[in-house]
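User: I'd like to go through the charged pairs in this one and hear the reasoning behind each label. Can you take me through it?

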Amino acid sequence: MHAWLNGTLLEDPHGPAVTVSDHGMTVGDGVFEAVKVVDGQPFALSRHLRRLARSAAGLGLPAPDEMVVRRGVADVLAAEHLPLGRLRITYTGGVAPLGSGRGDNPPTLVVVADAMAPAPPSTKVVTVPWPRNERGALAGLKTTSYAENVVALSYAQERGASEAIFANLAGHLCEGTGSNVFYVVDGELRTPTLAAGCLAGISRALLLEWYGGREVDEPVEVLAEAEEIFLVSTTRDVQAVTRCDERELVVGPVTEDCRKVWTAREAEDVDP
């Protein structure tokens, strides 16, 4: 692992670095991006940086300096060649009083790079009893306020699954804790619209561009009749779902086609 903080590559990436009064730590006032590293290069970095800026604007944080972020990315990737890895870019409200109000200090910017193992080709998911709030202030933003995801993922793991699936307040299928959901009904590939409150996933957008699919909001119960289900994310790519709650599924032809398209196009476009 290599870490960069506010312009400096740290000698010890595991050592103390961020102050205890950083607003990202005390109240989760921050945004982040997880970026896949392929053969030492960040995949779709420009898209991730645009989303980082959108999330920061949604929280009311000043716009991150893209060139500074890119310098941090370059520094951590230069420190060690990663055949397959993950970047974590975190941007917080900086040092602030111990409360919800922000201070006058500049934001904190952290870039971390570490190796990553390939995701397994298939997984199991569980729907959880807590809804996403598609009308909330953080809907669609990638923030560091992840405690809801921690609880949901723990619930899923206790039931033998690696991902938790949320409905929203309307009862429509929304997203996973760190993934977007695709499914097949009557041979048609579908995924929830962004109005459902799900994150505008980079992998989601790329797959829709490269393969296609219909964006539609449907009750979460649609998963009980779906012929195929799969997840997409930075760390999962296209990952088939072979069990949803108590229902077993097979890896179908649409999932396989999407996986082939993803593998071919990812090799062509490192930073689309």
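User: What makes Glu 158 and Arg 159 a salt bridge?

Analyst: Keep in mind that this is a predicted model. The closest N and O atoms of Glu 158 and Arg 159 are 3.5 Å apart, and the cut-off is 4 Å, so the pair counts as a salt bridge.

User: And why is Glu 158 called exposed?

Analyst: Glu 158 has 62% relative accessibility.

User: Which residues does the network of salt bridges link?

Analyst: Glu 188, Arg 190, Arg 214 and Glu 218. Within it, the side chains of Arg 190 and Glu 188 meet at 2.6 Å, N to O, which is within the 4 Å limit.

User: How do you know that Arg 190 is buried?

Analyst: Arg 190 has 10% relative accessibility, and buried means under 20%, so Arg 190 qualifies. Glu 188, at 28%, is partly exposed.

User: Where in the chain do Asp 237 and Lys 36 sit?

Analyst: These two form a salt bridge, with the closest N and O atoms 2.8 Å apart. Asp 237 is in strand β14 and Lys 36 in strand β3, 201 residues apart, so the pair links distant parts of the chain.

User: Why is Lys 36 called buried?

Analyst: The relative accessible area of Lys 36 is 6%. That is under 20%, so Lys 36 is buried.

User: How many salt bridges does a search of the whole structure find?

Analyst: It finds 14.

How values were computed: Residues numbered from 1 in each chain as written. Predicted model: local features only at pLDDT ≥ 70, side-chain atom pairs only at ≥ 80, totals over all residues. Heavy atoms only, no water. Helix = DSSP H or I, 4+ residues; strand = E, 2+ residues; numbered from the N terminus. Buried < 20%, exposed > 50% of the residue type's maximum accessible area, 1.4 Å probe, protein only.
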